[in-house]
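Open the model in your viewer and keep the sequence panel beside it. The stops below can be selected one after another.

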Amino acid sequence: MAQRNVFRRLRSPIVGALHAVNAFCAFHLFLNYVGSIQVVSGPSMLPTMAESGEAVIENRLSFRLNPGCLKRGDLVTFESPLTPGRSVCKRLLGLPGDIVCVDPTGLKIPSSEHVVVPKGHLWLMGDNADISRDSRDHGPVSLSLVRGTLWARVYPLSRVTIFRNPTSFLLD
């Protein structure tokens, strides 16, 4: 009889702890495989995003389910090839097989230089080309570093925006 009372008293905290572990696992899986809210910092994406103080929704699920969903002009999040562990956002300019101008601004490399984006890589560039560290500095970015795309700006409330792809391009 005494053993049953001990078991009943222990059962409630154990069940509560298991529920907490379950909730933590679900939260972790959601953030890593579906999406999350990220805080933006840095001037490389001006004027699209402010230097600081903005929160955006990162969509990871679409890319995980269909890596071919990326389109030129998308805002792509990826792990920095220069600073592992750091998440960055840049605009997608070139898909595998595309011929891209290495530096259309001519600031870092003469604008006559072109490169073919290798299979399994993307050419990414910040909107504020004057100060952005992007594919012009480190070359094409491996698809294995891509985390997802930005879906919307949710803060500040006065600048809430669903990001639409503004890019149009000509095919030969």
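Predicted model: local features only at pLDDT ≥ 70, side-chain atom pairs only at ≥ 80, totals over all residues.

Residues are numbered from 1 along each chain as its sequence is written, and side-chain values use heavy atoms, with hydrogens and water left out.

**Stop 1: the cores**

Select Phe63, Leu70, Val76, Phe78, Val88, Leu92, Leu95, Leu122, Leu124, Val141 and Val146. These eleven residues form the largest nonpolar core (a set of buried Ala, Val, Leu, Ile, Met, Phe, Trp, Tyr and Cys residues joined through side-chain atoms within 4.5 Å). Buried means under 20% relative accessible area, exposed over 50%, and partly exposed in between, with a 1.4 Å probe and protein chains only. At least two residues of this core come from each of strand E3 (75-79), strand E4 (87-94) and strand E7 (121-125). Helices (H or I, at least four residues) and strands (E, at least two) are DSSP runs, numbered from the N terminus. Another core, of eight residues, lies apart from it and includes Val40, Met45, Val56 and Leu75. In soluble globular proteins, nonpolar side chains tend to be buried together.

Now centre on Val141. Beyond four places in sequence, Val141 is in contact (heavy atoms within 4.5 Å) with Phe78, Pro81, Gly120, His121, Leu122, Leu124 and Ser135.

Move to Leu143, in the loop between strand E8 (141-142) and E9. Leu143 counts as partly exposed because its relative accessibility is 27%. Its contacts, leaving aside neighbours within four places, are Phe63, Leu70, Gly120, His121 and Leu122.

**Stop 2: salt bridges**

How many salt bridges does a search of the whole structure find? It finds nine, each a side-chain nitrogen of Lys or Arg within 4 Å of a carboxyl oxygen of Asp or Glu.

Select Glu58, Arg60 and Arg147. Glu58 pairs with Arg60, with the closest N and O atoms 3.1 Å apart, and with Arg147, where that distance is 3.2 Å. Arg147 is in strand E9 and Glu58 in strand E2, so this pair ties together parts 89 residues apart in sequence. Glu58 is buried at 1% relative accessible area and Arg60 is buried at 8%, whereas Arg147 is partly exposed at 23%.

Next, pick Arg136 and Asp103, a salt bridge with closest N and O atoms 3.2 Å apart. Arg136 lies in helix H3 (residues 135-138) and Asp103 in the loop between strand E5 (99-101) and strand E6 (114-116), so the pair ties together parts 33 residues apart in sequence. Both residues are buried.

**Stop 3**

Salt bridges link Glu54, Arg153 and Arg159 in a network. Not counting residues up to four places away, Glu54 touches residues including Gln38, Val39, Met49, Tyr155 and Pro156.

Finish with Tyr155, Leu157 and Val160, which make a nonpolar surface patch of about 350 Å². Patches are made of residues with over 30% relative accessible area and no salt bridge: like charges are joined within 9 Å, nonpolar side chains (Val, Leu, Ile, Met, Phe, Trp, Tyr) within 5 Å. Accessible areas come from the Shrake-Rupley method with a 1.4 Å probe; for residues, only the protein chains shown count as cover. Leu157 sits in the loop between strand E9 (146-155) and strand E10 (161-162), and is exposed at 68%.
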